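Hi,

Here is the structure I promised to pass on.

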Amino acid sequence: MPAPEQPPYVDTLIHARWIIPVVPADKVYENCALAIRDGRIQAILPSAEAARRYRAGETVQLDHHVLIPGLINTHTHAAMTLLRGYADDRPLMEWLQQHIWPAEQKWVNPAFVADGSRLAVAEMLRSGTTTFSDQYFFPEATALVARETGMRAQIAFPVIDAPTPWSRNGEDALQKGLALRDDYRAHERIDVVFAPHAPYTVGDETLEKIAVYAAEAQIPVQMHLHETAAEVERAVDEHGERPTERLYRLGLLSPQTLCVHMTAVEDRDVALLRESGAHVAHCPRSNLKLASGFCPASDLLDAGINVALGTDGAASNNGLDLFAEANTAALLAKAVSGRADALPARQALAMATIHGARALGIEDRTGSLEPGKYADLAAVDLGGLEQQPLHDPISQLVYTGSGHLVTDVWVAGRQLLDQRQLTTLNEAELVQRAQDWRARIAGLST
């Protein structure tokens with residue numbers, strides 16, 4: 001008599017009180033399980049059925065948790081964690097020109113970037129972020145940290161038409177960045193893309209060159225744009241056109257373009273974003289702290305423009321918790337529009353997940369819990385008294401401060417946070433290195 005057929009094998013079976021896939025929208029599964037094999041999602045199905053259908057190498061039981069797609073931080077400067085709290089409470093250009101840029105010229109080197117990026121990765125993992133897009137000097141150091149720690153990352157190499165700690169000029173930055181892209185061309189978790197810094201630091205010739213490269217090789221582009229009203233006014237004075245109009249004229253607004261900040265927006269800007277298919281990275285807490293202005297996120301979404309979320313750097317935020325950004329984005333949209341129904345919790349969660357994946361061009365890989373996508377997941381414990389009673393888990397995620405409630409995180413099925421403990425980073429070592437850098441910057445040590 002033939003032996004009974006064995007159920008199919010999966011590497012991990014995660015049972016959760018709630019599973020929010022994000023796609024389809026508004027769907028919440030209760031008492032279900034998510035099956036993972038070879039780093040990808042196999043199925044979501046009722047827990048009892050999953051136990052019958054699969055043999056699992058590992059079973060995880062999350063009785064009070066909601067399982068969601070890992071959050072996607074579409075804009076940050078990871079290494080600037082080492083400048084957290086440095087030169088606070090100053091307006092943007094004073095903060096940059098008199099404090100941040102001089103500090104960077106003096107201190108930023110590959111070791112600074114590596115240590116700051118490790119600290120940032122740890123902070124992001126502990127608040128549920130599984131993918132980040134980084135724009136900073138020595139991008140090869142940040143890419144190496146992402147590779148070693150298991151994070152998914154878009155490394156946006158900075159292009160500036162002036163000397164920086166990393167490059168002599170725009171052409172030098174392009175050559176170094178394209179070489180780095182070649183190094184990671186086949187990597188499953190790390191993409192390398194263009195990041196012309198801002199309209200006021202990059203000239204037309206360099207921008208046109210990037211536009212050609214990006215179009216020919218289908219490489220995404222990320223750029224600070226309309227960060228303040230003063231930036232827009234300066235652009236009109238110097239170029240006779242708004243920054244969006246200039247980028248459109250140069251061929252740099254396209255479905256591959258991610259426009260970071262987008263405050264001081266007028267109808268013409270909205271029309272160009274919509275026509276070009278460009279995306280927006282909304283960084284509400286950084287914009288508020290620097291008094292940079294308000295991105296009209298709800299209006300942009302209503303116009304059919306994809307709006308995602310970013311934290312910006314920890315020097316201007318001062319944290320990397322994307323749940324805090326989702327909360328702030330939702331509240332700010334309501335206050336600015338005068339409508340309590342503007343940017344509801346479901347939309348805020350989508351901005352932190354699937355919208356971010358679309359903005360980075362990786363929606364086929366991550367951003368939602370769909371079979372075939374990578375198992376990039378975050379588990380949030382909603383069993384505490386501050387989350388009770390729980391009428392709607394999506395509202396609870398966005399409005400009750402969830403970053404510190406993240407207990408477990410997986411990227412491509414690999415667990416990087418296990419019951420609040422980092423699995424690929426040493427927390428005590430990270431803290432010590434951060435303290436060493438603080439002492440060095442403060443002149444307390446050499």
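At what angle do helix α3 and helix α4 pack, and how far apart are their axes? Before the answer, some housekeeping: this is a predicted model, where local features need pLDDT of at least 70 and side-chain atom pairs count only at pLDDT 80 or more, while totals for chains, interfaces and linings use all residues. Residues are numbered from 1 along each chain as its sequence is written, and side-chain values use heavy atoms, with hydrogens and water left out.

So, the helices (DSSP runs of H or I, at least four residues; strands are runs of E, at least two, and both are numbered from the N terminus). Helix α3 (residues 110-125) packs on helix α4 (residues 139-149) at about 40°, with the axes 8 Å apart. Axes here are lines fitted to C-alpha atoms, for helices over the stretch in contact, and angles run from 0 to 180 degrees between N-to-C directions. That makes α3 and α4 oblique to each other; the cut-offs are under 35 degrees for roughly parallel, over 145 for roughly antiparallel, 65 to 115 for roughly perpendicular, and oblique for the rest. In contact terms (heavy atoms within 4.5 Å), Pro110, Val113, Ala114, Ser117, Arg118 and Val121 in α3 meet Ala141, Thr142, Val145, Glu148 and Thr149 in α4.

The other helix pair is α5 (residues 170-183) with α6 (residues 204-217): their axes come within 11 Å and cross at roughly 20°. α5 and α6 are therefore roughly parallel to each other. On the α5 side, Glu171, Leu174, Gln175, Leu178 and Arg181 make the contact, and they meet Thr206, Lys209, Ile210, Tyr213 and Ala217 in α6.

Now the sheet. Eight strands form an open, mixed sheet in the order β3-β2-β1-β4-β13-β14-β15-β16, where two strands pair if DSSP finds at least two bridges between them. Its edge strands, β3 (40-46) and β16 (421-422), each pair on one side only.

β13 (residues 377-381) has antiparallel partners in β14 (residues 406-411), through four bridges, and in β4 (residues 55-69), through five.

Cheers
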